[in-house]
Amino acid sequence: MRFFIDTASIEQIKEAHDLGILDGVTTNPSLMAKEGISGQANIKNHYAKICEIVEGDVSAEVISTDFEGIIAEGQVLADIAPNIVVKVPMIKEGVKAIKWFADHGIKTNCTLVFSAGQAILAAKAGASYISPFLGRIDDTNWDGVQLIHQIAEIYAIQGYDTEILAASIRNSRHIVQAAQSGADIVTCPLKAIVGLLNHPLTDIGLARFLTDHKNSNS
Ligand code: G3P
């Protein structure tokens with residue numbers, strides 16, 4: 001399973017990259033706004049900066065909701081760097097655009113996926129990735145992990161090439177569950193990635209090793 005970071009923060013992207021485990025980045029308009037990035041020129045510059053740090057795919061989301069707008073915006077984004085993936089919402093015009101981008105060799109990430117039916121439609125249109133929002137499904141008292149399982153099973157049966165990018169990851173446990181459910185990629189906040197390191201027995205064990213070493217060498 002590949003690891004993407006779900007942020008527009010350059011600092012956090014660098015930190016995950018320095019850890020040596022980063023395969024890509026996803027952003028969305030909310031994450032860009034959180035970093036105070038606005039205006040087409042600034043947004044383009046920001047994506048260019050991210051693409052200089054990360055070799056893997058970087059998802060850049062369109063804000064248009066009509067076919068022509070999505071295509072025009074997506075082409076501008078795709079021109080920023082070869083590793084830009086155009087992130088398109090799961091709406092009727094979005095599905096049409098995903099098909100157009102697939103036919104023109106531009107990679108896409110179909111976002112805001114909340115059902116297996118949506119996942120089938122996106123795969124059929126030729127999406128490179130789909131982003132089921134695990135955490136937001138859990139928020140509504142449904143089972144986000146179960147959806148990842150279901151989509152993975154369907155894609156395997158049908159032989160779809162579209163990759164499952166588990167999104168809206170809220171904690172380290174979600175990462176483990178996504179891996180177990182057949183996600184190809186997880187996109188996570190830095191905190192959830194770093195949280196995978198934690199176990200109290202590791203801390204206790206290391207402290208004991210260091211103490212024993214110190215005592216036998218003094
Ligand atoms: O990038 C989309 C997704 O990961 C958003 O996550 O935590 O806002 O539901 P969240």
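Modeller: Of the 24 residues lining the largest pocket, Asp 6, Thr 7, Asn 28, Leu 31 and Pro 189 lie nearest its centre. This is a predicted model: local features need pLDDT of at least 70 and side-chain atom pairs 80 or more, while totals for chains, interfaces and linings use all residues. Numbering starts from 1 along each chain as its sequence is written, and side-chain values use heavy atoms, without hydrogens or water.

Biologist: What makes something a pocket, or a residue part of its lining?

Modeller: On a 1 Å grid over the protein atoms alone, a pocket is an open set of points with protein on both sides within 12 Å along at least five of seven lines, and a lining residue has an atom within 4 Å of a point. The largest pocket comes to about 380 Å³, and helix 2 gives the most to its lining, with three residues.

Biologist: Why is Thr 27 called buried?

Modeller: Buried means under 20% relative accessible area (1.4 Å probe, protein chains only). Thr 27 sits at 0%, so it counts as buried. You'll find Thr 27 in the loop between strand 2 (24-26) and helix 2 (29-34).

Biologist: What makes the pairing of the Thr 27 and Tyr 47 side chains a polar contact?

Modeller: The cut-off for a pair of N or O atoms is 3.5 Å, with one able to donate a hydrogen and the other to accept it. Thr 27 and Tyr 47 come in at 3.0 Å, side chain to side chain, so they qualify. The Thr 27 side chain also reaches the backbone oxygen of Ser 59 at 2.8 Å.

Technical notes
Helices (H or I, at least four residues) and strands (E, at least two) are DSSP runs, numbered from the N terminus. Buried means under 20% relative accessible area, exposed over 50%, partly exposed in between (1.4 Å probe, protein chains only). On a 1 Å grid over the protein atoms alone, a cavity is a set of points where a 1.4 Å probe fits but cannot get out, and a pocket is an open set with protein on both sides within 12 Å along at least five of seven lines; lining residues have an atom within 4 Å of a point. Grid points are joined across faces, edges and corners, and a volume is the space filled by probe spheres set on the points.
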